[in-house]
Amino acid sequence: MAFDKRNIQILANYCCAAADAMAYTLMRTAHSAFVKETEDFSCTILTEDGLAFASPRSFGAPWYSGIDYAPVVDMIDSYEPGDICITNDSYSGNVATHSPDLHIWKPVFHDGRIVCFVVGHIHNTDVGGAVPASLSRALTEIVQEGVRIPPLKIVRAGVLNQDVIDILLLNVRAPAQNWGDFNAQIASVNIGERKIHEIIDRFGVEAFREGARAILDYAHQQARSVIREIPDGEYFFADYADEDGDSDHPCRVALTLRIQGDELVLDYTGSDPQLASSLNMPTGGRERHPLAMVGLTYVLYTLHPGLLLNAGTLRVARAILPRGSVVNCEAPAAVGMRSLTCMLTQIVTFGAFSQALPEKIPASAPGGNAIMNIKTHDRHNLPIMASIGPVGGGGGGTPFNDGPDGMGGSSAFLKNTPIEINEAEVPIHFLRYGIEPDTGGAGKYRGGMATVMAFRVSAPGTVVTARNRNRSRFHSWGVLGGRHGALSRFQKNPDTSRHVELGNTDVVACEPGDVIRVIGPGAGGYGNPLERDPQRVLRDVQCGFVSSAQARLQYGVVIDVQGELDLAATDALRASMAVDVPDGHFDFGAARTAYEQVWTRARYARLTDFLAGVPILWRHYLKHRIFDAVAAGEHAGGDMDMQMDAVLADIRQRFPALTPVAQD
């Protein structure tokens with residue numbers, strides 16, 4: 001079969017339809033709301049050597065469209081028809097990236113030969129471990145994050161390995177739910193196998209195998225054509241999680257984007273050292289690991305919506321992921337909150353590309369998306385372990401339109417769970433779920449609004465977890481005059497005498513009658529807010545997105561007591577406000593601006609160089625000692641270089657056992 005562009009697209013459509021069928025089967029047969037409603041899962045078709053070449057077009061989380069399963073596929077000695085393999089261990093091939101993600105893969109045979117693999121993962125609401133839902137930034141070792149399964153055959157020639165299933169179900173908090181989701185996964189890959197045989201019957205086995213390679217090659221060519229249109233250069237950007245663990249020190253992810261011709265490098269040197277918390281990313285240093293490449297996938301697809309998304313797309317790039325850093329940790333580091341750090345890799349990718357293509361890349365999405373989980377009991381005293389959905393923010397304002405409200409690409413396109421489903425399955429009462437006013441960053445094109453969720457619990461001993469909360473300290477940034485988004489908030493018993501601001505606490509004990517309210521962060525705005533059409537501002541006020549007070553303060557738009565637009569007063573007010581528009585490419589907000597006046601790029605470079613020369617085990621600890629010394633003003637009499645030299649000299653003297661280590 002001749003593979004011109006038309007035939008490649010036809011075969012790609014058939015393969016994506018097969019992946020769609022896998023995803024639809026999984027979604028319709030899963031038991032947990034987090035799979036069947038939120039759609040935190042993936043389904044993929046791989047070449048016989050593990051490269052993803054087809055994935056669903058409208059179902060599930062798109063992070064894994066370019067995944068390479070070869071590291072785990074190769075860990076199985078041999079395959080035979082009817083085999084299905086499984087793993088959730090983050091350090092066995094670095095494919096499963098935290099313990100709740102259960103990956104399975106099945107070889108598809110034709111005439112006794114493997115022609116491809118059908119694979120998928122789901123996020124289990126709980127896989128045991130130290131806390132309900134298995135994940136908290138406070139955890140320090142992966143053994144605290146639930147049961148781990150190395151790559152093995154869970155089904156051998158059609159026969160289920162019940163011993164492994166028994167171990168798995170014994171160690172989780174909702175075994176019936178996990179068992180139901182697992183069976184949905186099995187159904188999904190079985191459907192995938194059947195669909196592949198239908199494609200082979202239509203096109204022939206050799207055409208299918210050659211076509212898979214052609215699909216990868218075509219995606220590679222498409223991506224190269226996109227990169228060629230981006231100005232060559234080096235673009236640096238950094239962003240932060242509010243806390244790197246049990247401290248008030250932020251976690252930094254830094255990126256230097258280098259573009260030359262039709263190739264690019266994502267260099268994460270300057271990112272924080274491996275942490276004694278669960279924000280670490282277990283990439284294994286693989287230069288095209290999905291967690292390091294999601295942002296690039298989103299950028300490329302934004303620039304070319306016809307791009308095929310698969311492993312070929314990512315051949316244009318490679319990532320530099322320093323060993324022993326937060327983006328390439330080593331065992332036994334905890335990794336449960338790696339999705340928060342992955343959101344930061346996306347945000348810094350957007351920030352770097354925004355400098356290269358300011359007329360095409362939107363402002364910042366929030367970079368924090370609270371996944372709300374509840375462990376409680378129903379009226380019959382039966383245990384309930386459930387996810388009630390994500391609470392995040394909208395997309396950043398674009399060069400052409402407002403950012404979408406309540407959702408955005410950096411949230412992996414996870415969907416909300418309807419209140420009716422949650423209240424039917426979980427004994428809680430929702431008080432509010434919707435859009436929070438005045439949270440999107442002001443701009444010519446407004447940033448997307450945050451969502452708000454408030455509910456009352458009804459049983460004693462209830463535990464609420466809010467995984468991946470962020471942006472309670474540093475704002476989502478606006479660009480080219482656009483303002484930053486609002487901060488997130490997490491509250492217990494708001495508007496009462498028992499009100500507690502929970503900050504970035506992610507595990508909260510509750511009793512009957514307690515109310516939890518979480519407000520996501522808003523996205524950044526794009527362009528000068530004073531250039532926004534006053535009619536659009538009026539529309540925002542009428543819709544409840546922006547208050548009249550903020551319309552006046554942020555946009556210079558005057559709305560009278562009758563709710564009508566006063567154009568004359570608006571023109572006069574805007575003329576007086578012109579000098580207040582932010583300068584520079586980004587508006588980060590006061591907190592980050594003040595922080596970076598102390599922790600400059602140069603100071604971080606000194607810190608990175610020093611920590612690279614000490615054992616990995618020491619790095620997070622020493623980072624805190626150095627931050628504490630700078631905050632205390634030690635040796636602050638001279639310039640920054642002199643202070644850092646003196647602080648680092650104190651560290652060496654205090655810990656003489658530290659010796660340089662060879663670096664890869």
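A search of the whole structure turns up six cavities of 30 Å³ or more. The model is predicted, so local features need pLDDT of at least 70 and side-chain atom pairs count only at pLDDT 80 or more, while totals for chains, interfaces and linings use all residues. Residues are numbered from 1 along each chain as its sequence is written, and side-chain values use heavy atoms, with hydrogens and water left out.

On a 1 Å grid over the protein atoms alone, a cavity is a set of points where a 1.4 Å probe fits but cannot get out, and a pocket is an open set with protein on both sides within 12 Å along at least five of seven lines; lining residues have an atom within 4 Å of a point. A volume is the space filled by probe spheres set on the points, with grid points joined across faces, edges and corners.

The largest pocket has a volume of about 1,100 Å³. Its lining has 48 residues, and the closest to its centre are Pro 62, Tyr 298, Tyr 301, Leu 309 and Phe 413. Two or more lining residues come from each of α1 (5–29), β1 (41–46), β2 (52–54) and α7. Helices (H or I, at least four residues) and strands (E, at least two) are DSSP runs, numbered from the N terminus. Sorted by class, the lining holds 26 nonpolar, 19 polar and three charged residues. Here Ala, Val, Leu, Ile, Met, Phe, Trp, Tyr, Cys and Pro count as nonpolar, Asp, Glu, Lys and Arg as charged, and the others, Gly among them, as polar.

Which helix gives the most to the lining of the largest pocket? That is α7, with five residues. Helix α7 covers residues 290–303, and at 1.5 Å a residue its 14 residues should span 20 Å; the end C-alpha atoms are 19 Å apart, which agrees. The expected span is 1.5 Å times one less than the number of residues.

Of the 14 residues of α7, 11 are buried, so the helix is largely enclosed by the rest of the structure. Buried means under 20% relative accessible area, exposed over 50%, and partly exposed in between (1.4 Å probe, protein chains only). The buried residues of α7 include Pro 290, Met 293 and Tyr 298. They pack against α6 (205–228), β10 (263–267), β11 (317–320) and α8 (338–356). Helix α8 is mostly covered too, with 18 of its 19 residues buried.

## The second largest cavity

About 50 Å³ of space lies in the second largest cavity. Among the residues lining this cavity are Phe 34, His 123, Ala 133 and Arg 467. β12 (370–377) and β16 (462–467) each supply at least two lining residues.

## Two loop residues

Asn 124 sits in the loop between β5 (113–123) and β6 (152–156). Is Asn 124 buried or exposed? Asn 124 counts as buried because its relative accessibility is 3%. Leaving aside neighbours within four places in sequence, Asn 124 is in contact (heavy atoms within 4.5 Å) with Pro 100, Leu 102 and Asn 178.

Arg 173 belongs to the loop between α4 (162–170) and α5 (175–203). At 25% relative accessibility, Arg 173 counts as partly exposed. A polar atom of the Arg 173 side chain lies 3.3 Å from the backbone oxygen of Gly 128, and one lies 2.9 Å from the backbone oxygen of Val 131.

Terms used:
Polar contact = N/O pair within 3.5 Å; in protein donor to acceptor, adjacent residues only side chain to side chain.
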